[in-house]
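Start with the structure itself.

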Amino acid sequence: METRRKNNFMTRRREPKRFMLWLCMAGSGLIFTILLIAYVVRKIGADWRNVPMPTVFLASTGVILASSLTLHIANAAFRHDRFTQYRLYLGTTLFLGTLFVILQVLGWRELMLKGFYMQTNPSSSFLFLLSGLHLLHILLGLFFLGVAFMEAIRRISYVESFVYSVNPPNRLKITLFTLYWHFVDVLWVYVFLFLLYHHGL
């Protein structure tokens with residue numbers, strides 16, 4: 001019986017889009033892990049000089065965590081046919097995601113005002129590289145959030161929203177971008193805590 005269950009788990013057909021998303025997230029996680037390992041190895045170099053992390057990154061971390069909460073609420077509202085609440089919290093998530101981008105850019109500005117640029121030293125290079133690479137992930141997530149929000153706004157009536165929500169591909173789409181957004185949020189916290197430990201504020 002146990003062998004049969006194991007075989008079913010290994011051989012059952014998986015939803016391809018969800019599977020591809022998991023592969024992409026695993027690949028992104030691996031890239032960041034390799035960069036953090038390279039950071040630790042490079043830190044022992046004689047030319048290394050610790051650059052304090054921008055204080056605004058602390059605020060951006062709070063914002064991105066809040067966006068995960070609002071998207072979780074939006075997803076639950078969608079599944080329970082509370083479409084007004086869904087639009088409200090989806091729009092809030094989009095706003096918070098945009099605010100995160102603005103705060104990250106302000107963090108880079110803070111670094112540059114202190115005289116730290118991408119080429120200043122290896123420490124500042126890693127700061128810009130890690131935060132910039134993560135920002136690309138956020139911008140991709142914002143694109144899908146924006147598309148979903150526009151689709152939600154176009155379907156103001158309950159009937160239109162309900163018809164949209166019971167369509168399996170639409171449900172899958174909401175599930176996938178919610179999963180992706182939670183992933184990039186966790187990814188930032190992972191990077192932020194690493195940088196906080198090594199740089200401080």
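A salt bridge here is a side-chain nitrogen of Lys or Arg within 4 Å of a carboxyl oxygen of Asp or Glu. The model is predicted. By this rule it holds two salt bridges.

| Salt bridge | N to O distance |
|---|---|
| E110 and K114 | 3.5 Å |
| K173 and E151 | 3.1 Å |

Take the bridge between K173 and E151. K173 sits in helix α7 (residues 168-199) and E151 in helix α5 (residues 122-154), so the pair ties together parts that are 22 residues apart in sequence. Are its two ends buried or exposed? E151 has 13% relative accessibility, so E151 counts as buried. K173 has 33%, so K173 counts as partly exposed.

Now the bridge between E110 and K114. E110 counts as buried because its relative accessibility is 18%, and the cut-off is under 20%. K114, at 45% relative accessibility, counts as partly exposed.

Next, the pocket. The largest pocket has a volume of about 350 Å³. Its lining comes to 14 residues. L21, F144, L176, F177 and Y180 lie nearest its centre. Which elements give two or more residues to this lining? They are α2 (16-42), α5 and α7. Helix α7 gives the most, with seven residues.

Eleven of its residues are nonpolar, one is polar and two are charged.

Technical notes
Residues numbered from 1 in each chain as written. Predicted model: local features only at pLDDT ≥ 70, side-chain atom pairs only at ≥ 80, totals over all residues. Heavy atoms only, no water. Buried < 20%, exposed > 50% of the residue type's maximum accessible area, 1.4 Å probe, protein only. Helix = DSSP H or I, 4+ residues; strand = E, 2+ residues; numbered from the N terminus. 1 Å grid on protein atoms, 1.4 Å probe; cavity = no way out; pocket = protein on both sides within 12 Å on 5 of 7 lines; lining within 4 Å. Points joined across faces, edges and corners; volume = space filled by probe spheres on them. Nonpolar A, V, L, I, M, F, W, Y, C, P; charged D, E, K, R; others polar.
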